[in-house]
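Subject: Structure handover

Hello,

Here is the structure for you to look through. Please open it first, then read my notes below.

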Amino acid sequence: MVHNSEETFDAMKEDVFREIANIGAGHASTALSMMLECPVEQAVPVVELVRLGDMTDLLGGAERIVVGAGMCLSGDVNGYIIAIMEPEQAKHIIELIRNQPVEAPPEGMVFSPMDESALNETVNIMGGSYLTALSQMTGLELIPSTPFAALDMLGSIMGVVLAEAGQDSDYVLYFKSALISGSAGFMGDLLLIPDKKTYTTFLKSLGCE
């Protein structure tokens, strides 16, 4: 595990968050298997604690073109959960979910309404699976918003997150867990960005602080 922040996981934190990653990925693979009606295998997940300002460089640099899809969090927590993927990967996921080629989007839109709905449903399953795992282990209520998606440079997408959460958030829980269906890989870069209060609440609820 590589740590990109001044704070690092001690052994207890590392074990706990790896367990959350395992459970979350397991829930996601099961749900996607049911949706696709075919096996979805789970790779060994990795979790890192990363300073929010370092995430753009870690994920390939500000000029990398990506699809960012995520949800705002409320309830006992505040923050974001965001999936970062290559545009071609996003299109392939849509084609798997809808079992047909991606449609030409209306002017001004990244995807057609039906294709965007399919992508958002996948993000809802992926992000929701990790949130369910975290809720089960902490007893906290985590309420996700309706998913949203954007196609842009990574720097622009992370810039919005930094503007919204930067003053109240220092660290990102970076989950990297590939889910594979046949030759297709599902999004592996999932970012949980809690505000400072929520991060402390997580640690206390998990017995890590």
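Start with the side chain of S129. It reaches the backbone oxygen of I125 at 2.6 Å. The side chain of S129 also reaches the backbone nitrogen of A28, at 3.2 Å. Keep in mind that this is a predicted model.

Where is S129? It sits in helix 4, which covers residues 113-138. Is S129 buried or exposed? Its relative accessible area is 6%. Buried means under 20%, so S129 is buried. What does S129 touch, once neighbours within four places in sequence are set aside? The contacts are G24, H27, A28 and N124.

Leave out residues up to four places away in sequence, and T138 touches F202, S205 and L206.

V123 is another residue of helix 4. It counts as buried, at 3% relative accessibility. Look across to A149 from there. V123 and A149 are 26 residues apart in sequence. In space, their C-alpha atoms are 9.2 Å apart.

Next, bring in helix 3, residues 87-98. How do helix 3 and helix 4 pack? Their axes are 9 Å apart, and the angle is about 95°. Angles of 65 to 115 degrees count as roughly perpendicular. Helix 3 and helix 4 are therefore roughly perpendicular to each other.

Which residues meet there? Helix 3 brings A90, I93, I94, I97 and R98. Helix 4 brings M114, D115, A118, L119 and T122. Sorted by type, the residues of this contact are seven nonpolar, one polar and two charged.

Now the loop between helix 3 and helix 4, where you will find N99. N99 is not a glycine, yet it has a positive phi of about 60°. Is N99 buried or exposed? Its relative accessibility is 70%, and exposed means over 50%, so N99 counts as exposed.

A word on cysteines. How many disulfides does the structure hold? The count is zero. C38 is partly exposed, with a relative accessible area of 27%. C72 is partly exposed as well, at 32%.

Last, the whole chain. It has six helices and ten strands. There are 209 residues, and buried residues make up 47% of them.

- The packing of helix 3 and helix 4, at about 95°.
- N99, in the loop between those helices.

Best wishes

Conventions:
Residues are numbered from 1 along each chain as its sequence is written. This is a predicted model: local features need pLDDT of at least 70, side-chain atom pairs count only at pLDDT 80 or more; totals for chains, interfaces and linings use all residues. Side-chain values use heavy atoms; hydrogens and water are left out. A disulfide is a pair of cysteine sulfur atoms within 2.5 Å. Buried means under 20% relative accessible area, exposed over 50%, partly exposed in between (1.4 Å probe, protein chains only). Helices (H or I, at least four residues) and strands (E, at least two) are DSSP runs, numbered from the N terminus. A polar contact is a pair of N or O atoms within 3.5 Å; within protein, one must be able to donate a hydrogen and the other to accept it, and residues adjacent in sequence count only if both atoms are side-chain atoms. Contact means heavy atoms within 4.5 Å. Axes are lines fitted to C-alpha atoms, for helices over the stretch in contact, and angles run from 0 to 180 degrees between N-to-C directions. Angles under 35 degrees count as roughly parallel, over 145 as roughly antiparallel, 65 to 115 as roughly perpendicular and the rest as oblique. Ala, Val, Leu, Ile, Met, Phe, Trp, Tyr, Cys and Pro count as nonpolar, Asp, Glu, Lys and Arg as charged, and the others, Gly among them, as polar.
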